[in-house]
Amino acid sequence: MAGSLDTLLRSVAKNIVSDLGSALDTKITYKVVSTGTYNKNTGAVRTSSTSYTDITAPIEFIESFKEDGRQVNKAKVYVSPSIIENNQPKTSDEIFVTFEGQSVATKIENIVTYGGGQNYLYIIEVLF
């Protein structure tokens, strides 16, 4: 039963995220950054990444505040797992949002995962 409920909730969350993102005309780019490998001879850390572009995802702007003389914006981005190929979001990943007509890199501050036997929704708080 739990597996069936998870499957239903995952499908509903995916449709809601897609529908709201389309209605709000919001697109993001999500970049999954892999765990780095360390080369002990050179001392360099190599990472790789996979980008998912033109993702339809709702964005909820929470607040704007000043920090060190500059404006900082805080938002929540709603992502369904299937659009990032079931990767678990990490704070090292990168999300690019369109703000004031420009693509802006964000810093992932917090990730809330909803799911049971399988994840069905991520709410990712970002700063930019």
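This is a predicted model: local features need pLDDT of at least 70, side-chain atom pairs count only at pLDDT 80 or more; totals for chains, interfaces and linings use all residues.
**Entry 1: strand 10**

I began with strand 10, which spans residues 119–127. I looked up its burial and found seven of its nine residues buried, so I noted the strand as mostly covered, taking buried as under 20% relative accessible area.

Next I asked which strands pair with strand 10. Strand 6, residues 70–79, pairs with strand 10 in the antiparallel sense, over six bridges. In this pairing I located K74 opposite L127 of strand 10. Strand 9, residues 107–115, also runs antiparallel to strand 10, and eight bridges join the two. Here I found I111 with I124 of strand 10 as its bridge partner.

I turned to a sheet of four strands and wrote down its order as 4-1-7-8. The sheet is open and its pairing is antiparallel. Which strands stand at the edges? They are strand 4 (49–56) and strand 8 (102–105); each has a single partner strand, so one side of each lacks a neighbour in the sheet. For the angle between neighbouring strands of this sheet I recorded 20° on average, with direction ignored.

Within the sheet I looked at strand 1 (residues 27–33) and strand 7 (residues 94–99), which run antiparallel and are joined by four bridges. T29 stands opposite F96 in strand 7.

**Entry 2: the core**

I then looked up the largest nonpolar core, which holds 18 residues. Which of them touch the most other members? I listed I28, Y30, I95, I124 and V126. Strand 1, strand 4, strand 6, strand 7 and strand 10 each give two or more residues to this core. I noted beside this that nonpolar side chains tend to be buried together in soluble globular proteins.

I took I28 from that list and looked up its contacts, leaving aside neighbours within four places in sequence. I28 is in contact with Y52, T53, D54, I55, A57 and I59, among others. The list of contacts of I28 also includes V77 and V79, as well as I95, F96 and V97. I124, which I had met as the bridge partner of I111, is also on the list of core residues that touch the most other members.

Notes
Residues are numbered from 1 along each chain as its sequence is written. Side-chain values use heavy atoms; hydrogens and water are left out. Buried means under 20% relative accessible area, exposed over 50%, partly exposed in between (1.4 Å probe, protein chains only). Two strands pair if DSSP finds at least two bridges between them. Axes are lines fitted to C-alpha atoms, for helices over the stretch in contact, and angles run from 0 to 180 degrees between N-to-C directions. A nonpolar core is a set of buried Ala, Val, Leu, Ile, Met, Phe, Trp, Tyr and Cys residues joined through side-chain atoms within 4.5 Å. Contact means heavy atoms within 4.5 Å.
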